[in-house]
Amino acid sequence: MENVIIIGTGCAGYTAAIYTARANLGPLLVSGTQPGGQLTTTTEVENFPGYPDGIMGPELMMKMQAQAEKFGARIVWASVESVECRADGTFLVRAGSESFETRSVIVATGAAPRHLGLPGEQVLIGHGLTSCATCDGAFYRDVPVCVIGGGDSACEEADFLTRFASKVYLIHRRDKLRASKIMADRVLANPKIEPVWNSTVSAYLTDDQGEMRAVQLHNLSTGAQHELKVACVFVAIGHVPNSSFVGNLVDKDENGYILQNPGRTATKTPGLFAAGDVADHYYRQAITAAGQGCAAALEAERYLSGQ
Ligand code: NAP
């Protein structure tokens, strides 16, 4: 019987592992389908404290892994399919052909940015296609970029990008933003942001080096197609939290984000904690996910010592 199983190996999962390992709980991590989480898909991370010269996302995650393993955390390279809570309050975690018994679980499976599903998309990520203006915006100074989406995230990204880009096109499939009024008003009043209404992106166009050079726009009202020159596309059409495998052990909001007990990482099932982007649609930063991983570890430790 394990003391704690941590599901997910992003910032939240590894931080939870470091803390529970140092508390002598011998955590077992289950990696998930994207070991290292979302930071493995970014290039340079300039806003993680402690790295004044920045650090590449994959390297940061390897350092976190090494730190967790140094204190005795074990990693199973598999993907969890289900978590069951048994009558005695312990859990059964199934991952592929293996199953594990544990007294507590920390769910840190993150969220995946939603993408359009266009050809060549996966290869373009990090080469002019991204979902994180905070991470990548500063690389696109004095060039035109675009944001796809019409919600608060898209508006926030567009507003942030005006610090760097020469022009920010906001491409939205309708003629009205979904974002809150304050965000929408701010964006529409910004002279560097040009909304492109009733339009979708039907193709990403690349240069000889495979870097983004333009998008093919499709006007949904007129049916017209035209090219728009942009150095980078920021996709902000929502995220999909990786929470389906926990079933009814947790409450979720209408978008599938796990609901934590107020001010805690605990959920409605005693012994089951949630940390990071799987429970957070608001901050979604590496450092906030790491902070929640720490909080979940401390709560799990207290839960176990109270048993
Ligand atoms: P969202 O509110 O769900 O907006 C997603 C946007 O993407 C919508 O405008 C939607 O278009 C568009 N979209 C979805 N699928 C698309 C597709 N296949 N092709 C083109 N466009 C597509 O998501 P979000 O902006 O990430 O926000 C999520 C939640 O976090 C919201 O509750 C939001 O208020 C909150 N949030 C708050 C803040 C803040 O308060 N500072 C910041 C960020 C997020 P339609 O409008 O046509 O559906």
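**Exercise 1. The two domains**

How many salt bridges are there between domain 1 and domain 2? Describe the contact between the domains as well.

*Solution.* The model is predicted.

Step 1. The domain assignment places residues 5-113 + 239-305 in domain 1 and residues 121-235 in domain 2.

Step 2. Locate the domains relative to one another. Their centres, taken over C-alpha atoms, are 31 Å apart. Nine residues from domain 1 and nine residues from domain 2 make up the contact.

Step 3. Take the area. About 680 Å² is buried between domain 1 and domain 2, and carbon and sulfur atoms give 50% of this. On the side of domain 1 that touches domain 2, the residues comprise one nonpolar, five polar and three charged.

Step 4. Count the polar links. One residue pair is in polar contact across the interface. The number of salt bridges between domain 1 and domain 2 is zero.

**Exercise 2. Salt bridges in the model**

Find how many salt bridges the rule gives, and work through the one that joins R74 and E2.

*Solution.* 

Step 1. The total is seven salt bridges.

Step 2. Check the pair against the cut-off. A side-chain nitrogen of Lys or Arg must lie within 4 Å of a carboxyl oxygen of Asp or Glu. For R74 and E2 the N to O distance is 2.6 Å, and the side chains meet in a salt bridge.

**Exercise 3. Parallel and antiparallel pairing**

In which sense do β6 and β7 pair, and in which sense do β11 and β12 pair?

*Solution.* 

Step 1. Strands β6 (residues 80-85) and β7 (residues 91-95) are antiparallel, with five bridges. V83 has V93 of β7 as its bridge partner.

Step 2. Look at the turn. Five residues lie between the strands of this hairpin, and G89 has a positive phi near 90°.

Step 3. Strands β11 (residues 144-148) and β12 (residues 167-171) are parallel, also with five bridges. Here V145 is opposite V168 of β12.

**Exercise 4. Surroundings of T109**

Where is T109 found, and which residues does T109 touch?

*Solution.* 

Step 1. T109 sits in the loop between β8 (98-107) and β9 (111-113).

Step 2. Leaving out residues up to four places away in sequence, T109 touches I7, G8, N242, F245 and V278.

Step 3. Examine N242. Its backbone oxygen is 2.7 Å from a polar atom of the T109 side chain.

Technical notes:
Residues are numbered from 1 along each chain as its sequence is written. This is a predicted model: local features need pLDDT of at least 70, side-chain atom pairs count only at pLDDT 80 or more; totals for chains, interfaces and linings use all residues. Side-chain values use heavy atoms; hydrogens and water are left out. Two strands pair if DSSP finds at least two bridges between them. Helices (H or I, at least four residues) and strands (E, at least two) are DSSP runs, numbered from the N terminus. Domain bounds come from an automatic or database domain assignment. Contact means heavy atoms within 4.5 Å. Buried area is the accessible area (1.4 Å probe) that two parts lose on being put together, summed over both. A polar contact is a pair of N or O atoms within 3.5 Å; within protein, one must be able to donate a hydrogen and the other to accept it, and residues adjacent in sequence count only if both atoms are side-chain atoms. Ala, Val, Leu, Ile, Met, Phe, Trp, Tyr, Cys and Pro count as nonpolar, Asp, Glu, Lys and Arg as charged, and the others, Gly among them, as polar.
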